Amino acid sequence: MNRDYFQEALHKFNTDKPNWYGWKKVDGDGNKIPNADRMTYANIKVIKDGATIPSESDVNAKIQEIKDADTARANAATSGKAKLKAGEALTDAEIAALFGA
């Protein structure tokens with residue numbers, strides 16, 4: 001299953017207003033936006049009062065932050081498994097990656 005990093009990142013903004021965004025269905029000229037093309041930065045719309053659309057660079061930075069955390073977790077799991085096989089002590093990050101603790 002592929003993760004939707006874009007939407008995952010959007011959920012990290014306006015956390016005091018869950019489900020703050022939706023997708024435009026028509027473009028500025030009134031043309032219907034095909035469903036396959038709707039979920040893009042250009043088509044974000046605010047659906048909760050008081051929420052704001054983060055900048056595209058902020059969204060991209062958040063996506064990278066999420067991906068970096070995934071990589072760190074995977075690396076800690078790999079390192080932890082190797083240490084378990086060798087009988088070495090594990091770090092807290094390795095324990096969390098392996099056992100969710």
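The model is predicted, and local features are taken at pLDDT of at least 70, side-chain atom pairs at pLDDT 80 or more, while totals for chains, interfaces and linings use all residues. Residues are numbered from 1 along each chain as its sequence is written, and side-chain values rest on heavy atoms, with hydrogens and water left out.

**Nonpolar core**

- The largest nonpolar core has 12 residues, among them Phe6, Leu10, Trp20, Ile44, Val59 and Ile66; such a core is a set of buried Ala, Val, Leu, Ile, Met, Phe, Trp, Tyr and Cys residues joined through side-chain atoms within 4.5 Å.
- At least two residues of this core come from each of helix H1 (5–10), strand E1 (21–23) and helix H3 (56–86), where helices (H or I, at least four residues) and strands (E, at least two) are DSSP runs numbered from the N terminus.
- In soluble globular proteins, nonpolar side chains tend to be buried together.

- Leaving aside residues up to four places away in sequence, isoleucine 44 touches Phe6, Leu10, Trp20, Tyr21, Gly22, Trp23, Lys24 and Ile53, a contact being heavy atoms within 4.5 Å.
- Isoleucine 44 and lysine 24 are 20 residues apart in sequence, with their C-alpha atoms 6.3 Å apart in space.
- Valine 59, with residues up to four places away in sequence again not counted, touches Phe6, Ala9, Leu10, Phe13, Tyr41 and Pro54.

**Salt bridges**

- There are 6 salt bridges in the structure, each defined as a side-chain nitrogen of Lys or Arg within 4 Å of a carboxyl oxygen of Asp or Glu.
- Arg3, Glu8, Asp70 and Arg73 are linked in a network of salt bridges, in which arginine 3 pairs with glutamate 8, the closest N and O atoms being 2.4 Å apart.
- Arginine 3 also meets aspartate 70 in a salt bridge (2.4 Å, N to O); because arginine 3 lies in the segment before H1 and aspartate 70 in helix H3, this pair ties together parts that are 67 residues apart in sequence.
- Arginine 3 is partly exposed at 36% relative accessible area, as is glutamate 8 at 26%, whereas aspartate 70 counts as buried at 17% relative accessibility.
- Lysine 83 forms a salt bridge with glutamate 94, their closest N and O atoms being 3.3 Å apart; lysine 83 lies in helix H3 and glutamate 94 in helix H4 (residues 92–99), so the pair ties together parts 11 residues apart in sequence.
- Both lysine 83 and glutamate 94 are buried.

Notes. Buried < 20%, exposed > 50% of the residue type's maximum accessible area, 1.4 Å probe, protein only.
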